[in-house]
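I opened the notebook to write down what I looked up, one item at a time. The sequence and structure come first.

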2 protein chains.
Amino acid sequence: MKKLLDDPDNAVEDSLSGFAAAHAGEVEVHGLGGSGPHFVTRSGGPVTGKVGLVSGGGSGHEPLHAGFVGDGMLDAAVPGAVFTSPTPDQIVPAIQAADAGAGVLAIVKNYTGDILNFETAVELAEAEDVEVATVVVNDDVAVEDSLYTAGRRGVAGTVAVEKIAGAAAVRGDDLAGVKAVAERVIANVRSMGVALAACTVPHVGRPSFDLGDDEIEVGIGIHGEPGRHRMPMASATEITKLLVDPVVQDLQLGQGDRVLLFVNGMGGTPQSELYVVYGRARTLLEERGVTVARSLVGNYVTSLEMQGASVTVLRLDDELEQLWDAPVKTPALHW
Amino acid sequence: MKKLLDDPDNAVEDSLSGFAAAHAGEVEVHGLGGSGPHFVTRSGGPVTGKVGLVSGGGSGHEPLHAGFVGDGMLDAAVPGAVFTSPTPDQIVPAIQAADAGAGVLAIVKNYTGDILNFETAVELAEAEDVEVATVVVNDDVAVEDSLYTAGRRGVAGTVAVEKIAGAAAVRGDDLAGVKAVAERVIANVRSMGVALAACTVPHVGRPSFDLGDDEIEVGIGIHGEPGRHRMPMASATEITKLLVDPVVQDLQLGQGDRVLLFVNGMGGTPQSELYVVYGRARTLLEERGVTVARSLVGNYVTSLEMQGASVTVLRLDDELEQLWDAPVKTPALHW
């Protein structure tokens, strides 16, 4: 294993420490140097009267979630160990830190461990008089149920949920309102991914799965969980079609629909290839009469250095589009 | 070779086509579909009265340079074939498109092919009555002369040159003034990189070089050119020291100096590891009394999917810091 790390067991701490220094003044990382559980908040604390937003999950998907802490998106993020759910003792102080009196929305990706630990944490925070609502993101159309979930997995669509719910909170929506917006995004966003090569979890030290030199895994999860099927390497056009078709079908997209098209890199694929996939996906959508009104291309929900990409489509309406366009200022998303 | 491409010989065209669609309204890509030579300009054309900025080089380093076209940075970018200098017939129309009457600064990375082709293009553009000045970026301290250069190579420091010169042009500096600012950045910026694994050029189809399972190349160039030496894999702390020390020595940095610290990913290394390197580099600088006043961490000057990173340090003064902070709005850099 060749990684730019010191002690693999300390990878999350060391990375968060660099992240904190690079973004001082924007975000604050709590728990460094063994001072407590790790969580990340906006510098300056929550905004009085605004609903707080908290998300979290295993590390290894950077910039998700800590890179999305800031104006217009998350108030706090909770990074677990690599590919491992954060613990309730991390989540509770993050929820408390995000609360400015208007309650907190917890945005949870659908993995059994995340669900259980957030549930426990929410109960504990509520016992401390924080009002908390929860939404579960489950945008991955590749598989029903999986190695780590009951029901569909939560993957790159999470970025859209966090961005749009964040804008609703800034707009002044109350907790029920922000939750309703988040659920509308979840109901309208779908994703599917492909892996060309596996990643290696630092403290494991060997690739998460084996793929042959000419083999790809279609429908891969963001932890390298099995997808729909393995197949021989194919062209970008063929692969993109295998990702876009199930998404379009699940959303029942057609003539007159307007969407956000998000091509996400898994971490080890060059940006130039992501743009090729984006171009192919856009053509496939347009051939069905779907208008691509907004776009995002880049590494936003990664799986360490996995090679591959995912396609996320969000069906837009005027309100979702306005909320997507609203200003955002975080380490990883800024406009 | 597993890449998300159709015809490898068409990789640049296909990627630029996706880039154009994803960033419509921000940038315009010329020459798609065989309609002429490839170059990229800001949508809406150059800004009247402002010095135009043009840069270019081989593709495969995305987002450099096309991702930096926009308000506060480049007016035009010229992408060559992968790892291959753009040709004069691409560069000339880019220079012409960037000219709004105040002249054009060409920012060239120090590679023999780039130098020659830009020289030819500048002569041709001048014959068409465009005033052009040229600066050559040569920030890589790893080697004097190399496979592709006389003198030091131009690498990630180019981002700082483009950003800061771009801000000087927006401020209203004339061509001589913008050139002087760019040269001041070049005089004060140094970089050095390391590769953990090679990349594969699409139309070649095999890795650019071989590295053993436990071997790294220190001082690597952005095309996989040989560096200073190969050595066994080491810790992030040890590797970062090998990158930072030559940079500090070359810039003669010490007590009281204030710098921008830029940790750049080569394309295939997770962001989490870049932050580890950033943290280690920052500590090494602070131990010498150097203040890290500004930071940038991410994949900005890549080598396709190469695994590795580079450290760039720019010695700041008040003016360079203000110009770095000035607003920028491009596909890849935005604040």
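How many bridges join strand E8 of chain B to E9(B)? I found 4, with E8 covering residues 215–218 and the two strands running antiparallel. (Strands are DSSP runs of E with at least two residues, helices are runs of H or I with at least four residues, and both are numbered from the N terminus; two strands pair if DSSP finds at least two bridges between them.) B:Glu217 stands opposite B:Arg230 in E9(B).

Note on the source: this is a predicted model, in which local features need pLDDT of at least 70, side-chain atom pairs count only at pLDDT 80 or more, and totals for chains, interfaces and linings use all residues. Residues are numbered from 1 along each chain as its sequence is written, chains are lettered from A and ligands numbered from 1 in the order written, and side-chain values use heavy atoms, leaving out hydrogens and water.

Entry on the sheet. I read the strand order in chain B as E9-E8-E7-E12-E10-E11, an open sheet of 6 strands with mixed pairing. Strands E9 (229–232) and E11 (291–298) of chain B each have a single partner strand, so one side of each is left without a neighbour in the sheet. From one strand to the next the twist averages 20°.

Entry on the helices. Helix H5 of chain B (175–188) packs on the sheet and touches strands E7 (189–197) and E12 (307–315) of chain B. (Contact means heavy atoms within 4.5 Å.) The direction of H5 makes about 55° with that of E7(B). (Axes are lines fitted to C-alpha atoms, for helices over the stretch in contact, and angles between N-to-C directions run from 0 to 180 degrees.) Helix H8 of chain B (318–325) lies across E10 (258–265), E11 and E12 of chain B, at about 30° to E11(B).

Entry on chain A. I noted domain 1 (13–187) and domain 2 (189–324), with bounds from an automatic or database domain assignment. Their centres, taken over C-alpha atoms, are 23 Å apart. Domain 1 of chain A puts 35 residues into the contact and domain 2 of chain A puts in 39 residues.

Entry on the area. About 3,100 Å² is buried between the two domains of chain A, and carbon and sulfur atoms give 64% of it. (Buried area is the accessible area, with a 1.4 Å probe, that two parts lose on being put together, summed over both.)

Entry on charges. I counted 4 salt bridges between these domains. (Each is a side-chain nitrogen of Lys or Arg within 4 Å of a carboxyl oxygen of Asp or Glu.) A:Arg184 forms a salt bridge with A:Asp317, with the closest N and O atoms 2.3 Å apart.
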